[in-house]
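Please keep the sequence and the structure at hand while reading.

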Amino acid sequence: MDPYYWESEHGNFGDDLNLWLWDFLIPGFRDVHPETLLVGVGTVLNRALLPEGRHKLVLGSGFGYGSLPDMSNSAEWDIRCVRGPLTAQKVGVDAKLGIIDPAVMVAEMPEFKNLPKVHKKSFVPHWESAIAGMWPAVCQMVGLNYIDPRGEARDVIRQIAQSELIVAESMHGAILADAFRVPWISVTTSSSINSFKWTDWAQTVGVTYRPRHVPVSSRAEAIIKGARFWGVDFDTNKPAVEDPNKRQIDGNFIVAVHEPKQTSLRAAAKQLLAAPSALSLWQAMRATAQLSEDHVLSDRKDQFLHVIDSVRRDYF
């Protein structure tokens, strides 16, 4: 059985954790049923991503981009659970199968238990913000620890667990924070944010996705996102991107953003231009944080473990 995950050129911890989470949850799964593709953590229920003609075991995946594949053939699809009730509705399965995002189970791994708190407050941007924004400098301005979502997955997760508060634009930043019982605040830098996948997960643990808006931090970020930056509107009609430097899944291209050579004066000017972002992020980090109730999260994890038990019985 092979684990599927969307492999990003730049790295994204929410996808990369598929490389080792399933070895913990289902030891030995790689050695059974080589014809089966394990479709787990990620918004990957997408016709353009998953291969046709191969048996697929779906464990907690979500829908949110593109179009769904035809999942009606039970000989090709074994759908044990999905991320949440909205995905379940889209797929056409019982809402009870919308259990939880499997990433929450990372908190059960011994290497992540009882970690000391190191960071007072941390910010986890979306990967798209990380590649083009001024967020490390902005975080330094407002006293936030910056967590790059493109970093090595285990290191990113440890930093989340070792924070006392998480400000998250990354959905898996919030999911992991909630799993580690770290209060979190959601923010967004884009009016076109995919709220479907956030709400899909949020409904499973009884929280509400209500992000605070934070302006983009640089011209390059505005270009990539089709956002407004210092009174200038950039193209808002471009297709959604997976990587601004790579060919799109649907075959479309966009032009890569190349910044001029950096100088100390230019760097200072860019920090000044990022001041509205810093102010909004400073205000956001002082907002009321959210955290799901212990018993709700525990119940969802128990339901997911029952699914894992059924997979062991049927595939081993």
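## Terms and basis

A residue is called buried under 20% relative accessible area, exposed over 50%, and partly exposed in between, with a 1.4 Å probe and protein chains only. The model is predicted, so local features need pLDDT of at least 70 and side-chain atom pairs count only at pLDDT 80 or more, while totals for chains, interfaces and linings use all residues. Residues are numbered from 1 along each chain as its sequence is written, and side-chain values use heavy atoms, with hydrogens and water left out.

## The chain as a whole

The protein chain contains twelve helices and eleven strands, these being DSSP runs numbered from the N terminus (H or I of at least four residues for helices, E of at least two for strands). Of its 316 residues, 55% are buried. Where contacts (heavy atoms within 4.5 Å) join residues at least 6 apart in sequence, 61% of them link residues at least 24 apart.

H126 sits in the loop between strand 5 (122-124) and helix 4 (127-132), and with 18% relative accessibility H126 counts as buried. Its side chain reaches the backbone nitrogen of E128 at 3.0 Å, and, leaving aside residues up to four places away in sequence, H126 touches P149, E169 and S170.

Helix 11 (residues 275-284) has S277, A278, S280, L281 and A284 as buried residues. These pack against strand 5, helix 5 (135-142), strand 7 (166-168), strand 8 (184-188) and strand 9 (212-213).

## Charged pairs

The structure holds 16 salt bridges, each defined as a side-chain nitrogen of Lys or Arg within 4 Å of a carboxyl oxygen of Asp or Glu. In one of them, D101 and R83 meet at 3.1 Å, N to O; D101 lies in the loop between helix 3 (85-91) and strand 5 and R83 in the loop between strand 4 (77-82) and helix 3, so the pair ties together parts that are 18 residues apart in sequence. D101 is buried at 0% relative accessibility, and R83 is likewise buried at 0%.

Another salt bridge joins E108 to K301, with the closest N and O atoms 2.6 Å apart; because E108 lies in the loop between helix 3 and strand 5 and K301 in helix 12 (residues 294-315), this pair ties together parts that are 193 residues apart in sequence. E108 is partly exposed at 31% relative accessibility, whereas K301 is buried at 10%. K120, which forms a salt bridge with E164 at 3.3 Å between the closest N and O atoms, is exposed, with a relative accessible area of 58%.

Notes: A polar contact is a pair of N or O atoms within 3.5 Å; within protein, one must be able to donate a hydrogen and the other to accept it, and residues adjacent in sequence count only if both atoms are side-chain atoms.
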